[in-house]
Amino acid sequence: MNFSNLDWALIGEATIDTLLMTGISLAFTAIIGLPLGVLLFLTSRKQMLDNAWIYQSLSLIVNILRSVPFLILLIVIIPLTRILAGTSLGVQGAIPPLVLSAAPFFARLVENVLRELDPGVNEACRAMGANSRQTVLLALLPEATTGIVAALIVTAIALVGYSAMSGVIGGGGLGDLALRFGYQRYQTDVMVVTVTILVVLVQLLQVFGDAMVARLSRK
């Protein structure tokens, strides 16, 4: 392996593309997944908006999207991706499938975090006459902040892996670089560098997430 001959500018561009895909997708995942997770919790059995039909319907959709392997989902929703993003290639084309895959995953994590809260929080809010919106915004979400941040970090790490897989259909980023140069052209040095960068990104996310969770836990 000769690392001196590597195109570091291309590797840097691919790294930035991966960061963009992960960051933008994570933002949309949080915007969609957080309300969905809260709704799943509220409509579940013995909760404030207990509604079996709504809960089962949402739960079915979440389970279906979570059960479809990401590579298959990438291919299946190419027509939808083109409608939403204007293209199915590059960073722009990778974001819709990334969000569609990660949002249900994050929503289920949020639901589980809310389920683990002390039931006394809900009861206290009801006793004070708080409605559902007030209970969620002023009690449940503040109490669940640490768990939600931890869930978001787990989702971000999953998105790094998903973004690499999007290279199979020309999604750009480190995955595309590893596939085109490391695999198809047998350039082992490119494969080693891209894998190393992905590992470092995941480690940095985990360290940052652990620090955030520890800081929130002390408050």
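The protein has nine helices and zero strands. Helices are DSSP runs of H or I with at least four residues, strands are runs of E with at least two, and both are numbered from the N terminus. This is a predicted model: local features need pLDDT of at least 70, side-chain atom pairs count only at pLDDT 80 or more, and totals for chains, interfaces and linings use all residues. Residues are numbered from 1 along each chain as its sequence is written, and side-chain values use heavy atoms, leaving out hydrogens and water.

## Exercise 1: the whole chain

Task: Describe the fold pattern, the span and the surface of the protein.

Solution: 
- Step 1. Read along the sequence. The pattern is α-α-α-α-α-α-α-α-α.
- Step 2. Take the span. The C-alpha trace covers about 70 × 40 × 25 Å along its principal axes.
- Step 3. Take the burial. Of the 219 residues, 42% are buried. Buried means under 20% relative accessible area, exposed means over 50%, and partly exposed lies in between (1.4 Å probe, protein chains only).
- Step 4. Take the surface. The accessible surface is about 11700 Å², and carbon and sulfur atoms hold 66% of it. The areas come from the Shrake-Rupley method with a 1.4 Å probe; for residues, only the protein chains shown count as cover.
- Step 5. Take the contacts. Among those with a separation of 6 or more, 74% join residues 24 or more positions apart. A contact means heavy atoms within 4.5 Å.

## Exercise 2: the largest pocket

Task: Find which residues lie nearest the centre of the largest pocket, and which helix gives the most to its lining.

Solution: 
- Step 1. On a 1 Å grid over the protein atoms alone, a pocket is an open set of points with protein on both sides within 12 Å along at least five of seven lines; lining residues have an atom within 4 Å of a point.
- Step 2. Take the volume. The largest pocket holds about 290 Å³ of space. Grid points are joined across faces, edges and corners, and the volume is the space filled by probe spheres set on the points.
- Step 3. List the lining. It has 18 residues, and Ile32, Leu84, Pro96, Val99 and Leu100 lie nearest the centre.
- Step 4. Assign the elements. Those giving two or more residues are α1 (8-42), α2 (52-67), α4 (78-85) and α5 (90-115). Helix α5 gives the most, with seven residues.

## Exercise 3: Ser101 and Met212

Task: Is each residue buried or partly exposed?

Solution: 
- Step 1. Take Ser101, in helix α5. Its relative accessible area is 5%, so Ser101 is buried.
- Step 2. List its contacts. Apart from neighbours within four places in sequence, Ser101 contacts Phe70, Leu73 and Tyr162.
- Step 3. Take Met212, in helix α9 (residues 188-218). Its relative accessible area is 29%, so Met212 is partly exposed.
- Step 4. Met212 and Val149 are 63 residues apart along the chain, with their C-alpha atoms 7.7 Å apart.

Technical notes. On a 1 Å grid over the protein atoms alone, a cavity is a set of points where a 1.4 Å probe fits but cannot get out, and a pocket is an open set with protein on both sides within 12 Å along at least five of seven lines; lining residues have an atom within 4 Å of a point.
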